[in-house]
Amino acid sequence: MDSDFEGELDALDARLEKAQKAAEGLINGLKRARRAAREGNVSDIVKGLNGLDARLADAQSAARDLSDAWSFDTSSYMADGRFLADLQKAAGQNQLELFERDGRIYCFPLILRLEANQTAVRVGRKIERRLRPSGLVRLLAKTQKSPQRFRGDAFLDLVWRTYRRLVGREWNGTDPGRVVALTDIHDTLTLLPSADYPREEYARDLLLLDRQPDLRTRTGERFEFPHGTTTKGLRPLIVYDEQGAQRTYYGVRFVPGG
């Protein structure tokens, strides 16, 4: 069974279609009357003008019928869980992996956030107002299949430069550097009030970088995301991959290339 939201949209579309046909009938009648006037076809002029009153009445009636055509409480629908349930159902019907974790909706590498007060969904940093679950799922599937815009080398350079600033002169660059908390790097990257880089997107980018272990900095250093005793006490960053598996990152260090 379709959701209440999808059903309401279908019902509205049917009423709009009826109004559109009535409006098109009026417009077509006007076009025929104009053509008759241009051609001087008096018989068709009289016939066309006489029929306009009825067509106009039909169009006005259809328009009045639309004044109360939409009263669905979309904000409540998005806030009480029904929208997410419909979105997950539509995703399942289209073989699209979409799941909710920790208040975030993951459709890797996309991360969604419901903005019920704006009746919108934030897809990454973009506000999407096309909320029909079946349509939104098709949009997500298309976006997911598009070539990823993630530039591992640029992101690695950003992490590397921030890491060097945090470790300072204590690292000579010849031995493995100390482990720096990835949350500290994120905090540094987002010091400015205008910085827009949510932590969940940062964690997603770390996972994408982790999948390119052969990348090197411009000066040849390679990165490591260690686990174990060297990361004790560091705040974790959690991200979920395509299958919903949790990946946890704590810190990063750089070691000489080789």
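Predicted model: local features only at pLDDT ≥ 70, side-chain atom pairs only at ≥ 80, totals over all residues.
**Entry 1**

Helices (H or I, at least four residues) and strands (E, at least two) are DSSP runs, numbered from the N terminus. Residues are numbered from 1 along each chain as its sequence is written, and side-chain values use heavy atoms, with hydrogens and water left out.

I looked up how helix 6 and helix 7 cross: their axes come within 10 Å, at an angle of roughly 100°. That makes helix 6 roughly perpendicular to helix 7 (under 35 degrees is roughly parallel, over 145 roughly antiparallel, 65 to 115 roughly perpendicular and the rest oblique). I then listed the residues in contact (heavy atoms within 4.5 Å). Helix 6 contributes Leu158, Val159, Thr162, Tyr163 and Leu166, and helix 7 contributes Asp184, Ile185, Thr188 and Leu189.

**Entry 2: the cores**

I searched for nonpolar cores (sets of buried Ala, Val, Leu, Ile, Met, Phe, Trp, Tyr and Cys residues joined through side-chain atoms within 4.5 Å). Here buried means under 20% relative accessible area, exposed over 50% and partly exposed in between, with a 1.4 Å probe and protein chains only. The largest core has 26 residues, and Tyr163, Leu182, Val252 and Phe254 have the most contacts inside it. At least two residues of this core come from each of helix 6 (152-167), helix 7 (182-189), helix 8, strand 8 and strand 10 (251-255). Another core lies apart from it, with 24 residues, including Leu96 and Val123.

Which residues does Leu182 touch, not counting residues up to four places away in sequence? I found Tyr202, Leu206, Phe225, Leu237, Tyr249, Tyr250, Gly251 and Val252.

I followed Phe225 next, in the loop between strand 7 and strand 8. Phe225 counts as buried, at 11% relative accessibility.

**Entry 3: helix 1**

I read helix 1 as residues 4-39, 36 residues in number. From first C-alpha to last it reaches 52 Å, close to the 52 Å expected at 1.5 Å a residue (the expected span is 1.5 Å times one less than the number of residues). Its buried residues include Phe5, Leu12, Gly25 and Ala36. The buried residues of helix 1 pack against helix 2 (42-64), helix 3 (74-79) and helix 5 (133-145). Gly40 follows helix 1 and has a positive phi, near 75°.

**Entry 4: salt bridges**

I recorded 22 salt bridges in the structure (each a side-chain nitrogen of Lys or Arg within 4 Å of a carboxyl oxygen of Asp or Glu). Arg104 and Glu200 form one of them, at 2.9 Å, N to O. Arg104 lies in strand 2 (residues 104-107) and Glu200 in helix 8 (residues 199-210), so the pair ties together parts that are 96 residues apart in sequence. Arg104 is partly exposed at 23% relative accessibility, whereas Glu200 is buried at 14%.

I also noted the salt bridge of Asp205 with Arg204, at 2.8 Å, N to O; Asp205 and Arg204 are both buried.

Notes. Axes fitted to C-alpha atoms, helices over the stretch in contact; angles between N-to-C directions.
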